[in-house]
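Please open the model in a viewer and keep the selection tool at hand.

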Amino acid sequence: MEPENHKTKAVNVLRSRICDPKFIFKNDYPDSNYSKLKFMISNSVTEACNNSILLLGPRGSGKNAVLEVVIQDLLQEYPDSISVIRLNGLLHSDDVSAFKEIARQLCMEHQLLFSKAASFDDNSQFMVAILKECGLAHKTVIFVLEEFDLFAQGKQRLLYSLLDAMQSIASQAVVLGISCRLDADQLLEKRVRSRFSHRKLLFLPPSMEDSQKLLMHMLTLPIDSSFPHDYATEFNTRVQNIIEDRKFKETLQKYLNVDSCVKHLLRFLFCAVSHMDLQTGFLSQESFEIAFSSIQRQPKLECLRNCSNLELHILVCMKRLEVKEKSLCNFNSVMKEYKSMHDSFRTSEYYSRNVCLRAFEHLIHREMICFTDNRGQNLSVEFRPVKLLISSAELHQGLRAYNSCPAYLIKLMDREG
């Protein structure tokens with residue numbers, strides 16, 4: 001392979017890994033949720049026994065991704081022994097619509113004619129009959145109930161009917177509930193809980209150590225591949241050095257403090273790989289810092305980029321008043337500070353009071369500043385007390401990023417801050 005090609009190929013390989021749930025979640029360690037879940041479901045398929053399992057954890061922790069990888073693997077291993085029925089509590093929490101959807105999917109699976117006019121009892125009896133037929137044919141029906149806690153509201157007839165049908169020796173089914181509520185099993189009625197298997201898998205956000213292991217797993221290039229041996233070795237050494245670096249750990253910890261779910265960690269990783277320097281062909285500390293700053297939500301900085309020159313002056317005036325321990329101010333006090341600043345720096349631009357008032361009202365509308373309370377609503381805007389909704393660091397960063405910002409405003413903020 002030509003030397004200029006393997007750098008681009010490395011980026012493509014890393015991107016494809018990050019987008020491949022199998023590479024991320026297919027972990028053969030006995031203690032992994034993937035191994036535990038696959039064992040429980042495959043045991044139900046091979047031993048012809050019924051089972052019910054709850055997958056619990058916060059959103060983005062990998063519950064659905066792990067389940068999909070397991071189901072795809074089992075469909076390849078037992079193509080004629082498994083059928084999957086999917087329901088979502090946001091769409092099918094009503095028992096009537098849930099049974100109708102189950103009947104529709106079962107009809108599609110077994111190439112039967114679905115009747116939209118069938119009643120609740122007809123669909124319920126049809127489901128029980130199909131489960132018995134599948135049991136006799138040694139075929140397992142897997143019911144995936146997303147947003148499981150929503151099915152646990154009301155009379156819970158769907159859950160009772162499903163779990164009750166599974167008590168029969170003739171039926172062969174697995175019920176998989178997915179929920180972000182850790183107490184989802186406590187929502188079940190006594191009659192439903194008594195029929196539930198009480199098997200639970202907990203999906204937790206990755207710790208700092210787990211995140212570092214995941215990064216090493218995702219970013220390490222294979223040595224025995226089409227990549228040049230020296231390049232792959234050097235690439236992996238640099239990745240390891242970055243991950244073990246104290247500054248990188250601080251950046252990663254800051255990100256995990258904001259959002260520690262696996263889904264968003266992978267998005268952060270994808271962004272870092274996309275900023276890899278193709279000239280050198282290696283990931284750097286800078287790649288991760290750029291990724292962190294690009295995906296970190298900074299709505300105030302985005303608003304600052306669209307502010308006019310006058311609006312920036314008003315914000316700096318309010319910040320100066322804050323430093324002078326006048327955190328509560330109104331338009332009149334801001335105008336005094338604006339005039340004082342104009343006289344001190346002898347700037348060429350000086351706007352009239354009416355223009356400044358319109359800019360002041362625009363900042364209120366943009367929620368860069370706000371009224372301190374609802375009292376005095378009958379007063380004119382220029383007399384009502386306001387406060388700043390942007391920190392010194394954000395204002396300073398915004399001024400530096402603003403191309404046409406006057407230099408003296410930045411100097412002022414440097415002096416204040």
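The model is predicted, so to speak of local features a pLDDT of at least 70 is needed, side-chain atom pairs count only at pLDDT 80 or more, and totals for chains, interfaces and linings use all residues. Residues are numbered from 1 along each chain as its sequence is written, and side-chain values use heavy atoms, with hydrogens and water left out.

**The sheet**

Begin by selecting the five strands of the open sheet, whose order is 2-3-4-1-5 with parallel pairing. Strands (E, at least two residues) and helices (H or I, at least four residues) are DSSP runs numbered from the N terminus, and two strands pair if DSSP finds at least two bridges between them. Colour strand 2 (82-88) and strand 5 (199-202): these stand at the edges with a single partner strand each, so one side of each has no neighbour in the sheet. From one strand to the next, the twist averages 20 degrees. Axes here are lines fitted to C-alpha atoms, for helices over the stretch in contact, and angles run from 0 to 180 degrees between N-to-C directions.

Next, select strand 3 (residues 140-146) with strand 4; the two run parallel and are joined by six bridges. Within this pair, L145 has G177 of strand 4 as its bridge partner. Contact means heavy atoms within 4.5 Å.

**Strand 1**

Is strand 1 (residues 51-56) enclosed by the rest of the structure or open to the outside? Six of its six residues are buried, so strand 1 is largely enclosed. Buried means under 20% relative accessible area, exposed over 50%, and partly exposed in between (1.4 Å probe, protein chains only). In a regular strand the side chains alternate between the two faces of the sheet. Show the side chains here: N51, I53 and L55 point one way, while S52, L54 and L56 point the other way.

Strand 1 pairs with strand 4 in the parallel sense over six bridges, and N51 has V174 as its partner there.

Select S83, which is in strand 2. With 1% relative accessibility, S83 counts as buried. Leaving aside neighbours within four places in sequence, S83 is in contact with E109, K139, T140, V141 and I142. The C-alpha atom of S83 lies 9.4 Å from that of H110, which is 27 residues away along the chain.

Move to Q111, in the loop between helix 6 and helix 7 (120-136). Although Q111 is not a glycine, it has a positive phi of about 55 degrees. Q111 is exposed, with a relative accessible area of 75%.

Then select Q156, in the loop between helix 8 (148-151) and helix 9 (157-165). Q156 also has a positive phi of about 55 degrees and is not a glycine, but Q156 counts as buried at 2% relative accessibility.

On a 1 Å grid over the protein atoms alone, a cavity is a set of points where a 1.4 Å probe fits but cannot get out; a pocket is an open set with protein on both sides within 12 Å along at least five of seven lines, and lining residues have an atom within 4 Å of a point. Grid points are joined across faces, edges and corners, and a volume is the space filled by probe spheres set on the points.

The largest pocket has a volume of about 890 Å³. Of its 22 lining residues, select I24, N27, S32, D210 and L214, the closest to its centre. Helix 11 gives the largest share of this lining, four residues.

For the second largest pocket, of about 380 Å³, select G60, G62, N64, A65 and K263, which lie nearest its centre among 21 lining residues.

Finish at the largest cavity, with a volume of about 40 Å³. H313, Y338, M341, H342, T347, E349 and Y408 line this cavity, and helix 18 (residues 331-345) gives the most to the lining, with three residues.
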